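Please go through these notes with the model open beside you.

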Amino acid sequence: MDYSCIIFEVKDQTAIITLNRPKVLNAMNRQMWLEIMDALEHIKNNKNIKVAVFTGHGRAFSTGADLKDSKDRTIEDYRKYLESLQEASRKIIYFEKPTLAAVNGYALGSGYELALACDIRFAASDALIGSPEARVTSSVTGGAFRLIQNIVGPGKARELLFTAENITGEEAEKIGLVNYAVPSESLMEETLKMADKIAANSAFSLAMIKKGLLMAQGEASLNAVMDFEIEACLACVSTKERQSSLEAFEKRKE
Ligand SMILES: C[C@@H](O)CC(=O)SCCNC(=O)CCNC(=O)[C@H](O)C(C)(C)COP(=O)(O)OP(=O)(O)OC[C@H]1O[C@@H](n2cnc3c(N)ncnc32)[C@H](O)[C@@H]1OP(=O)(O)O
């Protein structure tokens with residue numbers, strides 16, 4: 001597959017998937033999710049690759065769902081988009097090899113959910129991370145109802161989702177949302193250092209450890225949560241309020 005929305009490269013034993021729609025701050029469309037899945041399949045089948053790293057091209061990791069694409073979508077189109085998003089999210093969450101996120105700039109909505117789906121997160125200290133769904137009349141979709149509570153606990157998860165406010169990489173480190181906040185100029189270097197440390201270990205052990213960790217987190221009912229996420233998100237985007245939110249987004253600089 002030729003990639004138009006991501007850049008795929010391999011450095012030593014680490015594959016780097018760079019979200020690549022910088023003109024729209026790496027806003028996500030169905031094609032981007034399909035390309036991510038294709039790249040993951042390649043990583044899975046290549047024994048020399050032991051770790052996958054996600055990052056963003058330009059001044060954002062990703063600002064989440066493409067709101068311009070969203071405006072004229074039918075509910076059925078939206079469902080297809082969400083199903084691709086969830087297929088990719090499941091693939092990342094259950095991926096046999098460790099995944100790392102190097103969060104640069106904005107990581108919002110589905111963009112921040114992609115980072116949550118990764119095993120380990122690095123962020124630039126000045127990154128802006130958040131879940132603006134409630135502000136744009138949407139709802140989380142990438143397994144985030146489970147993931148965010150597992151990562152920061154129920155109280156902080158509610159605060160982030162209810163306020164829809166962004167926090168910096170530095171604040172994210174304090175609440176355990178990211179493992180490390182580092183100066184933006186050393187973000188990739190620090191992330192790749194950790195990737196190298198992991199890649200020095202047994203691929204089989206890593207796969208087993210990851211499987212065990214996921215089982216221990218109660219994967220069985222994650223599917224039920226994710227099915228609900230699709231219904232909740234579609235219910236949100238079917239409201240009249242959703243159209244007003246999208247119009248407000250377009251008019252925000254007038
Ligand atoms: C299931 C899903 O619904 C869950 C979600 O993902 S909801 C999350 C949706 N995302 C957002 O609400 C974020 C929207 N973006 C913004 O609020 C702002 O762009 C920003 C605060 C992140 C950055 O602001 P600023 O620095 O002023 O940059 P611009 O707004 O000028 O952005 C530069 C161009 O990128 C376009 N863009 C940014 N984000 C999106 C997006 N999510 N969808 C579509 N397009 C986006 C923006 O319109 C600018 O393009 P233009 O052609 O210059 O107008």
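1. Start with the burial of H5. Ala 144, Arg 146, Leu 147 and Ile 148 of this helix are buried. A residue is called buried if 20 or more other C-beta atoms lie within 10 Å of its own, exposed if 12 or fewer, and partly exposed in between, with C-beta atoms placed from the backbone. The cover over the buried residues of H5 includes H4, helix H6 (154-163) and helix H10 (222-237). Helices (H or I, at least four residues) and strands (E, at least two) are DSSP runs, numbered from the N terminus. After H5 comes Gly 153, with a positive phi near 90 degrees.

2. A word on the source. This is a predicted model, in which local features need pLDDT of at least 70 and side-chain atom pairs count only at pLDDT 80 or more, while totals for chains, interfaces and linings use all residues. Residues are numbered from 1 along each chain as its sequence is written.

3. H4 against H5. The axes of H4 (residues 110-117) and H5 (residues 144-152) come within 10 Å and cross at roughly 60 degrees. Axes here are lines fitted to C-alpha atoms, for helices over the stretch in contact, and angles run from 0 to 180 degrees between N-to-C directions. H4 and H5 are therefore oblique to each other. Angles under 35 degrees count as roughly parallel, over 145 as roughly antiparallel, 65 to 115 as roughly perpendicular and the rest as oblique. H4 passes H5 in a left-handed crossing. That term applies if the near helix is turned anticlockwise from the far one by less than a right angle; clockwise is right-handed.

4. Who makes that contact? H4 brings Glu 113, Leu 116 and Ala 117, and H5 brings Ala 144, Leu 147, Ile 148 and Ile 151. Two residues are in contact if their C-beta atoms, placed from the backbone, lie within 7 Å. By class, the contact of H4 with H5 has 6 nonpolar, no polar and 1 charged residues. Ala, Val, Leu, Ile, Met, Phe, Trp, Tyr, Cys and Pro count as nonpolar, Asp, Glu, Lys and Arg as charged, and the others, Gly among them, as polar.

5. H3 against H4. The axes of helix H3 (residues 75-93) and H4 come within 9 Å and cross at roughly 25 degrees. H3 and H4 are therefore roughly parallel to each other. From H3, the contact takes Leu 85, Ser 89, Ile 92 and Ile 93; from H4, Ser 110, Glu 113, Leu 114 and Ala 117. The contact of H3 with H4 divides into 5 nonpolar, 2 polar and 1 charged residues.

6. H3 against H10. These two helices pack at an angle of about 145 degrees, with their axes 10 Å apart. H3 passes H10 in a right-handed crossing. H3 contributes Ile 75, Tyr 78, Arg 79, Leu 82 and Gln 86, and H10 contributes Met 226, Ile 230, Cys 233, Leu 234 and Val 237. By class, the contact of H3 with H10 has 8 nonpolar, 1 polar and 1 charged residues.

7. The ligand shell. 19 residues surround the ligand, and the closest are Ala 27, Thr 63, Gly 64, Gly 109 and Ser 138. Helix H2 (67-71) and strand E6 (106-108) each supply at least two residues of the shell. The shell divides into 10 nonpolar, 6 polar and 3 charged residues.

8. Two backbone checks. Asn 26 is not a glycine, yet has a positive phi of about 60 degrees. Asn 26 sits in the loop between strand E2 (14-19) and helix H1 (30-45). Is Asn 26 buried or exposed? Asn 26 is buried, with 30 other C-beta atoms within 10 Å. Thr 137, also not a glycine, has a positive phi of about 50 degrees. Thr 137 lies in the loop between strand E8 (128-130) and H5. Thr 137 is partly exposed, with 18 other C-beta atoms within 10 Å.

9. Glu 190. This residue lies in helix H8 (residues 187-199). Glu 190 is partly exposed, with 16 other C-beta atoms within 10 Å. Not counting residues up to four places away in sequence, Glu 190 touches Phe 122, Tyr 180 and Val 182.

Methods. Near = placed C-beta within 6 Å.
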